[in-house]
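Take a look at the sequence and the structure below.

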Amino acid sequence: MMISVIIPTCHRNDDLAACLERLVPGRQSLSFDHYEVIVSDDGRDSTAESLIADRYPFAQWVKGPQRGPAANRNAGASCANGEWLVFVDDDCVPSSKWLGAYAANTEGSDILEGMTSAIGSQTRFDEECPINESGGALWSCNFAIRRNAFFALGGFNENFPAAAMEDVELNYRVNQMQIARTFISDAVVLHPWRREKDIAFRKQQAQSIAYYVGLHPELRRNYSLFAMVKGLLRYILRSMLPRFRRYRGKGAFRAIRSRIYLIVCTQFALNSGPKN
């Protein structure tokens, strides 16, 4: 059995190097003759190709299509030789047992979710991290899927204006098709906290939600004005207020403002698009 590790990257060489350091032959519990590493590079003036040639020649560099992270992952997957595809982001740090944990649990499921934990602690309300410590999220920064199942699904949808919604949409298709999955708690990667993107990204995110609802109109009620306002209030009451003193209110206004803007833009995008 061969595992193909797919790493999409774009102008983050320092992060990419930290990720590749954990995949150097001999540093994973899985022998290197059982896995390959493919870096799909979306950078326009990137030096990742020379970085890999000089320091990580065990990895294969391929030029990305420069159409966003979903297309970049699909491009990496198209070059893979493995029976299993394992996706990880370039800013993640895999544990030494990561690939071994996946390889030991390939029977009975077509999809394996790994555990994604945060590097360090959140210090502001406007920081985010795709934490997945119990399963169900299928974040593309840490999961494995049989090659045949990935291509049968059609891969990641490349048409979303904003990144991350392609993960949500793939997860929904997996659930609808009732594809067997298993959560592997030992397949751990660490992901840094990053400052939330601001208004311009929220507009793209709203357009992505509208596109998602267009694909799956049965989910429209999840993004109604009532549902989104309720979600914002739940976020304020359950996440913000208990931690307000701990973070000294840092980033609170920015976090709330961007979520309100997302609600407004989403309602506009849903109501101005074609009716389902």
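The model is predicted.

In soluble globular proteins, nonpolar side chains tend to be buried together. In this model, the largest nonpolar core has 34 residues. V5, I7, L20, V37 and W98 are those with the most contacts inside this core. Several helices and strands contribute to the core: β1 (3–9), α1 (13–21), β2 (35–41), α2 (48–55), β4 (84–88), α4 (98–103) and β9 (181–192) each supply at least two of its residues. Helix α4 gives the most, with five residues.

Leaving aside neighbours within four places in sequence, L20 is in contact with I7, V37, V39, I52, Y56, F58 and A59.

Now turn to D41, a residue in strand β2. Is D41 buried or exposed? D41 is buried, yet it has no salt bridge. A salt bridge needs a side-chain nitrogen of Lys or Arg within 4 Å of a carboxyl oxygen of Asp or Glu, and the nearest side chain of opposite charge to D41, that of K63, is 7.3 Å away.

Which side chains does the side chain of D41 meet in polar contacts? One is the side chain of S46, at 2.9 Å. Another is the side chain of W61, also joined to D41 by a polar contact of 2.9 Å. Leaving aside neighbours within four places in sequence, the residues in contact with D41 are T9, C10, S46, A48, E49, W61, V62, K63, G64 and N72.

Definitions and conventions: Residues are numbered from 1 along each chain as its sequence is written. This is a predicted model: local features need pLDDT of at least 70, side-chain atom pairs count only at pLDDT 80 or more; totals for chains, interfaces and linings use all residues. Side-chain values use heavy atoms; hydrogens and water are left out. A nonpolar core is a set of buried Ala, Val, Leu, Ile, Met, Phe, Trp, Tyr and Cys residues joined through side-chain atoms within 4.5 Å. Buried means under 20% relative accessible area, exposed over 50%, partly exposed in between (1.4 Å probe, protein chains only). Helices (H or I, at least four residues) and strands (E, at least two) are DSSP runs, numbered from the N terminus. Contact means heavy atoms within 4.5 Å. Lys and Arg count as positive and Asp and Glu as negative; His and the chain ends are not counted. A polar contact is a pair of N or O atoms within 3.5 Å; within protein, one must be able to donate a hydrogen and the other to accept it, and residues adjacent in sequence count only if both atoms are side-chain atoms.
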